[in-house]
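Hi everyone, thanks for making the time this morning. Let me put the structure up on the screen, and then we can walk through a few places in it together.

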Amino acid sequence: MKATKPSWNPGRFLQTLTYFEVIPVLNWFQQLFQSSTAPQPTMTTTASANTVLVVGATGGVGKRVVKQLHDRGYSVRALVRDLERGKAMLGDDVDIIDADITLPETLTPAVVKDIRAVICCTGPRVQPKEGDTPDRAKYYQGLKFYMPEVVGDSPESTDYQGIKNLLHAIADPLKAAQTNEKILFDFTDHSSPDPSPPTPQPPLPALWGALDDVVMGGVSDSTMRQIDHAALFTGNVSTANSGGFASVRTRNLEPALNLSGYEGVKLRVKGDGQRYKFLMRSDDKWDSIAYSHSFDTTANAWIDVHIPFNTLIPAFRAKTLTDAAPLNANRICSLQLMLSKFEYDGNLNPLFTPGTFALEVQSISAYGRPTMPQFVLVSSAGVTRIDRPGINLDEEPPAVRMNDQLGGILTWKRRGEEAVRESGLPYTIVRPCALTEADGGKQLTLDQGDNLRGAISRDDVAAICIHAIEQPQACNLTFEVRAEDTDLAVHWTTLFDQLQPDR
Ligand SMILES: NC(=O)c1ccc[n+]([C@@H]2O[C@H](COP(=O)([O-])OP(=O)(O)OC[C@H]3O[C@@H](n4cnc5c(N)ncnc54)[C@H](OP(=O)(O)O)[C@@H]3O)[C@@H](O)[C@H]2O)c1
């Protein structure tokens with residue numbers, strides 16, 4: 001008797017294209033006639049410590065740090081002393097909290113909740129002795145000399161005791177947030193009754209859809225579904241009709257994952273002894289280059305599969321590409337798990353067996369992120385010059401010349417720096433020269449040894465603080481900085497690379 005050829009299912013073919021919005025019109029019709037409550041795909045990262053706390057957020061540098069962080073997509077919390085003023089100045093998009101670093105009791109758990117880094121731009125209030133305008137125009141202009149005085153809290157209480165209070169409040173939460181891993185998908189505890197579950201994920205079918213060889217006339221069939229403590233990628237893979245693969249792929253992630261700084265992706269899986277593939281795309285087009293890694297499973301054993309980005313094989317429809325750019329880890333648009341008869345370029349998967357298969361996945365994480373600075377302090381150039389033997393005070397900026405009249409402002413900033421260095425947190429200490437209101441984007445000169453003179457805009461200081469928390473090279477650096485007259489796009493890694501860490 002002649003064997004019946006398995007028949008291709010055009011319905012499933014259309015379903016696949018519709019799910020991935022390859023045919024958007026069909027998708028629109030489907031949504032029209034299906035339940036309007038169908039869950040939409042959303043990003044599913046773990047709600048880990050991800051907020052940057054800006055202290056001194058109503059100051060000249062602080063308000064720019066808040067704005068630039070916000071523009072770069074950070075979640076920002078602004079610590080201010082006056083809530084109403086803070087709201088008026090910083091807007092509604094920022095989480096504003098009132099506290100005072102000289103009053104430890106105000107540095108509550110709400111201030112430090114979910115923070116991953118702190119940028120501290122506080123300082124005692126300096127103004128001309130004859131007084132300033134309500135918007136502090138004389139102080140902010142930065143270059144024209146006036147006879148200054150400190151009003152309000154002393155430098156000792158702000159720049160030293162306040163910094164110590166702040167470090168005391170934030171050190172433990174920041175240390176707890178130090179992680180070189182980021183969980184992207186946690187399938188272990190999907191139905192947790194915990195009121196603050198770590199992974200607010202949509203149901204699996206809303207994000208992961210089957211993409212089987214039905215798109216090429218095959219009859220394989222797979223799905224990804226939630227089981228106890230894992231997601232299960234399972235189905236039947238058939239080589240009939242010249243097919244031979246089953247896979248599940250995410251819809252395009254919104255927003256795309258930014259995994260820059262990480263070494264690769266780690267899968268925690270339990271398989272059936274077959275060889276699977278994990279694929280990533282940094283293009284949101286349906287039919288685009290997939291960066292692929294094959295991994296072997298051990299039947300019924302949980303294993304961690306590490307997939308370094310630099311070992312991924314660029315392939316288009318399982319044909320390797322020799323001239324493709326490496327994966328853009330800043331923008332991962334979709335992920336895919338696959339069981340295929342083929343490896344690459346027509347070679348066979350040596351561990352492949354047709355029929356039913358099962359791969360359990362507990363988690364997908366990014367791993368290998370180097371340590372980044374967690375505490376950035378805006379200090380000042382000159383802090384070590386005040387008692388330097390042989391220094392010619394006439395050549396020094398006013399704060400150095402008038403340190404004693406200003407309540408030892410630089411002395412206490414230096415003590416504050418020491419407290420930061422002793423905190424055990426990865427830090428960056430920025431010592432700007434005279435601050436101005438000029439536009440940023442200038443060429444920056446960084447130096448160590450506290451000899452630099454000149455000026456720099458508050459815009460540029462804010463940019464330095466933000467890039468510091470993104471650069472492992474900025475860890476444990478203390479440096480002075482001034483701006484030059486020329487505009488120049490800064491290459492931050494190179495800039496920090498030229499400096500020596502304190503320890
Ligand atoms: N001016 C210069 O030429 C120069 C040069 C080098 C370094 N620096 C230093 O650079 C830093 C930033 O300068 P800037 O011009 O941005 O200063 P700023 O405008 O005076 O800002 C200081 C900020 O610190 C806040 N603050 C003060 N005491 C506080 C406390 N106890 N608790 C919480 N917040 C407190 C202030 O809050 P309020 O708004 O409530 O007052 C303000 O937001 C300062 O440390 C400054 O000394 C200045």
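Let's start with the residues that line the largest cavity: Thr-122, Asp-159, Ile-163, Leu-377, Val-378, Ser-379, Lys-413, Gly-416 and Glu-417. Please keep in mind that this is a predicted model, so everything I mention is computed from it.

How much space lies in that largest cavity? About 60 Å³. The structure holds two cavities of 30 Å³ or more, and I'll stay with the largest one today.

Which elements supply its lining? At least two residues each come from α7, which spans 155–177, from β20, at 375–378, and from α10, at 409–422. Of these, α10 gives the most, with three residues. If you sort the lining by class, you get three nonpolar, three polar and three charged residues.

Now, one name on that list turns up again at the ligand. Thr-122, part of the cavity lining, is also among the closest residues to the ligand, together with Thr-58, Val-61, Asp-100 and Tyr-140. In total, 29 residues surround the ligand.

A polar side-chain atom of Tyr-140 lies 2.6 Å from a ligand oxygen. With Tyr-139, an N or O atom of the side chain is 2.8 Å from an oxygen of the ligand. Gly-60 uses its backbone instead: a polar backbone atom there is 2.8 Å from a ligand oxygen.

Let me move on to a strand, β10, residues 230–237. Is β10 mostly buried or exposed? Seven of its eight residues are buried, so the strand is largely enclosed by the rest of the structure. For that count, buried means under 20% relative accessible area.

What does β10 pair with? One partner is β9, residues 221–227, which pairs with β10 in the antiparallel sense over seven bridges. Here you can find Met-224 standing opposite Phe-233 of β10. The two strands form a hairpin with two residues between them, and in the turn His-229 has a positive phi of about 60°.

Another partner is β19, residues 355–367, which runs antiparallel to β10 and is joined to it by seven bridges. On this side, look for Leu-232 opposite Glu-360 in β19.

Notes. Residues numbered from 1 in each chain as written. Predicted model: local features only at pLDDT ≥ 70, side-chain atom pairs only at ≥ 80, totals over all residues. Heavy atoms only, no water. 1 Å grid on protein atoms, 1.4 Å probe; cavity = no way out; pocket = protein on both sides within 12 Å on 5 of 7 lines; lining within 4 Å. Points joined across faces, edges and corners; volume = space filled by probe spheres on them. Helix = DSSP H or I, 4+ residues; strand = E, 2+ residues; numbered from the N terminus. Nonpolar A, V, L, I, M, F, W, Y, C, P; charged D, E, K, R; others polar. Buried < 20%, exposed > 50% of the residue type's maximum accessible area, 1.4 Å probe, protein only. Pairing = 2+ DSSP bridges. Near = heavy atom within 4 Å. Polar contact = N/O pair within 3.5 Å; in protein donor to acceptor, adjacent residues only side chain to side chain.
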